[in-house]
Amino acid sequence: MKKIGVLTSGGDAPGMNPAVRAVVKKAIYEGLEVYGIYRGYEGLMEGAVKKLELKDVGDIIHRGGTILQSARSDKFKTEEGQLQGIDVLIQHGIEGVVVIGGDGSYRGAQKLHQKGIATIGLPGTIDNDINGTDYTIGFSTAVNTVTEAVDRIRDTATSHEYTFVIEVMGRDAGDIAAWAGLATGAESIFIPERGSSKEEMLERLTKGFQRGKKHSIVIVAEGVGTGNEFADYIRENSHYQPRVTVLGYVQRGGTPVPFDRILGTRLGTHAVELLMKGESGKALGMQKNEISVHDFDYVFSDDSKDSNIVTKLADISTELSL
Ligand code: ATP
């Protein structure tokens, strides 16, 4: 293999840049040519491909987002779109591609793999919702961002004796809510993986205020509903007047924390090694501090679903919300 490509796809995540940087530097170190494919599969089909040099990845290790930009493309889900993308790769002589993105991006990479282009996937999403890895690139930064935001909100909650309902991202996964909820000492955490009762939330709020607590924080993962729905429930069933904050896109951006930089760097270099060995159709991750390598099919299957740590974290939070 002499020429490889790298693209970022789906939602951007902090740590994608360190991963791109690692792929580029490792490829050049190994004597390969490396091409940046801009705007994910959309850019691939349009031929937005550029040879990258060391200078192109200078000064990006600490930057959020992705210098390669990202996109979602319905056309690439079709056979026609995939063949168009493969034509572009063949024109440039690119034999292998590192795809950094979420589950959907892996499905696109699987299609390329099945059609003869070597692909390796790196888990790039803040949601931590990819099977076969304990952590995705961007998740730790998002937890950090949410924790900082909730700490600030807590100052106001304490000063005014407010109850705050804070809605966080994560799509169908409760990881950001569970981790940040535990880190901020939230009274209640609502995640899709675990049924929690709104009545119990109210009981905990009441008990807390009765023993002199000056504030309450409820964290709601977007996968269970909106912050406003939960606030409405509290308003309708108690005398509390909760405030709602929807953290939104602030959770996606920002300087990647060291963990995400290191994860992206380790997985990026390993992806190049695997392509050089002729591997393809593999999703990389980190399990028990070791790099994990799984077939895409395994990652898509139910067999790879981990016994979820997030429910444990939410359980601990409930126990401690005395
Ligand atoms: P995030 O977790 O941030 O949403 P994602 O990678 O899951 O990231 P998607 O929008 O689901 O985001 O997928 C990214 C892109 O991957 C899609 O826009 C599409 O181009 C491609 N893709 C998704 N599913 C398929 C599929 N079944 N076949 C081919 N390509 C696909």
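1. Helix α4 covers residues 103-114, and D103 belongs to this helix. The model is a predicted one, and the remarks that follow should be read accordingly.

2. The UniProt record, in an unreviewed entry, lists D103 under "binding site". The annotation is reported here as it comes from that record.

3. Is D103 buried, exposed or partly exposed? The residue has 19 C-beta neighbours inside 10 Å, and therefore counts as partly exposed; a buried residue would need 20 or more.

4. Which residues does D103 touch, leaving aside those up to four places away in sequence? The contacts are with D129 and I130.

5. Strand β10 spans residues 282-287. Because five of its six residues are buried, β10 is largely enclosed by the rest of the structure.

6. Strand β10 pairs with strand β5 (residues 118-123) in parallel fashion, through two bridges. Within this pairing, I120 has K282 of β10 as its bridge partner.

7. Strand β10 is also joined to strand β11 (residues 290-295), here by six bridges and with the two strands running antiparallel. K282 takes part in this pairing too, with D295 in β11 as its bridge partner.

8. How many residues separate β10 and β11 in their hairpin? Two residues lie between the strands, and in the turn K288 has a positive phi of about 50°.

Terms used:
Residues are numbered from 1 along each chain as its sequence is written. This is a predicted model: local features need pLDDT of at least 70, side-chain atom pairs count only at pLDDT 80 or more; totals for chains, interfaces and linings use all residues. UniProt positions are given in the numbering used here, feature names are shortened, and annotations may be inferred rather than shown by experiment. Helices (H or I, at least four residues) and strands (E, at least two) are DSSP runs, numbered from the N terminus. A residue is buried if 20 or more other C-beta atoms lie within 10 Å of its own, exposed if 12 or fewer, and partly exposed in between; C-beta atoms are placed from the backbone. Two residues are in contact if their C-beta atoms, placed from the backbone, lie within 7 Å. Two strands pair if DSSP finds at least two bridges between them.
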